[in-house]
Amino acid sequence: MVRTHKEGPEILGIGVAVRDIAVLLDEFPVPDEKFRAKGLFEAGGGPVPTALVTLTRLGHRASFCGVVGMGAAGHFIVDSLDQEGIDTHGVVFRAGFPSPTSVILVEGGRRTIFEWRQYDLPLSFDELEAKQVPFEDFRFLLVDARLPEVQIEAARRVRGAGGKVVLDCGHPRAGVEDILALTDVAILSHTYPRTLLGDSYDLEGFLTDLAARLPEDGPRIAGLTLGADGCAILAPDSSFVRVPGHKVTAVDSTGAGDVFHGAFLHAFMGGSSPEEAARFANAAAALKCKGMTGRSPLPPDGEIWRFARSQ
Ligand SMILES: Nc1ncnc2c1ncn2[C@@H]1O[C@H](COP(=O)(O)OP(=O)(O)OP(=O)(O)O)[C@@H](O)[C@H]1O
Ligand SMILES: [Mg+2]
């Protein structure tokens, strides 16, 4: 792979890191029956780690900070990042902490996720400072609102030194408002407004409210991913746009949102407008859906752009 970055930190990600165990099925199970799986896959997961994997595959330098347990699952999660060339020296191995694990049933391109995790992640900002994470050196910080105290302090440091903060979040949760106040690019999942407002909400109105929560000294990009329907983006300097998704024969949509965020950031860092970056991200995420797990192979940048422009 051609690495386009110069030496030095580019993107820091802080968030939950997961071990995903995916079972590929012909039909969705009913209770008290026995089913034959078509395949069993184990891969690293979590929104921030998988977005960082996407970024490194597209030629960037990424570092990850988070917490895992000391057992085999924790080592598996960290190995899955090391193998992709992500700097993991900011990961804390915590005794007695069960590494978050998801069992994912995949059928007909859809995924049903069973999360097994301790809700509060045991990690403090002091621990990252002790590891000498160079917050001030990163151009971007990617967060998931799962570690609000740590992420708020990290966001202050990164923004204070001129960097930008990107948020991916699936559901409203404690601390998210404070994170939004430090976020430059907030692209949430469609599950977020659905949890907050129910199934019928005004998409443009929701994004207008979201953009208004972002700091005035940033680009103030607000977006929502909409599954196979693509995404919607609102930036103050451009009008509201719906960017349609790309038609693919989806095998597994696990991690599509994570790949979307990595790909969006890649295009945005390369100078694309938010709308163009969203088109690229839709294409990358759709191509991901052709393979199993969030870490399925991704074609090179040029091929993704061709696919993005082909539809
Ligand atoms: N079936 C699909 N076909 C094509 N593209 C898809 C499909 N599902 C998802 N995508 C792409 O992936 C992006 C993210 O999907 P989605 O909105 O489902 O993310 P999410 O809710 O955050 O889920 P997760 O984080 O688990 O992937 C969409 O904006 C779209 O570009
Ligand atoms: Mg998501």
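Helices are DSSP runs of H or I with at least four residues, numbered from the N terminus. This is a predicted model, in which local features need pLDDT of at least 70, side-chain atom pairs count only at pLDDT 80 or more, and totals for chains, interfaces and linings use all residues. Residues are numbered from 1 along each chain as its sequence is written, and side-chain values use heavy atoms, without hydrogens and water.

**View 1. Thr50 in helix 1.** Helix 1 covers residues 47–57 and holds Thr50. Thr50 is buried, at a relative accessible area of 1% (buried: under 20% relative accessible area, 1.4 Å probe, protein chains only). Beyond its neighbours within four places in sequence, Thr50 contacts Gly44, Gly45, Asp258, Val259, Gly294 and Arg295 (contact: heavy atoms within 4.5 Å).

**View 2. The largest nonpolar core and Ile304.** A nonpolar core joins buried Ala, Val, Leu, Ile, Met, Phe, Trp, Tyr and Cys residues through side-chain atoms within 4.5 Å. The largest has 51 residues. Leu52, Phe64, Ile233, Phe264 and Ile304 touch the most other members. Leaving out residues up to four places away in sequence, Ile304 touches Leu58, Phe280, Ala283, Ala284, Leu287, Leu298 and Pro299.

**View 3. A second core.** This separate core has 46 residues, including Phe97, Leu128, Ile179 and Phe206. Nonpolar side chains tend to be buried together in soluble globular proteins.

**View 4. Cysteines without disulfides.** The structure holds zero disulfides (disulfide: a pair of cysteine sulfur atoms within 2.5 Å). The sulfur of Cys65 lies 19 Å from its closest cysteine sulfur, in Cys169, too far for a bond. For Cys169, the closest cysteine sulfur is in Cys231, at 17 Å, also too far for a bond. Cys65 is buried at 2% relative accessibility; Cys169 is buried at 1%.

Conventions
Chains are lettered from A and ligands numbered from 1 in the order in which they are written. Buried means under 20% relative accessible area, exposed over 50%, partly exposed in between (1.4 Å probe, protein chains only). Helices (H or I, at least four residues) and strands (E, at least two) are DSSP runs, numbered from the N terminus.
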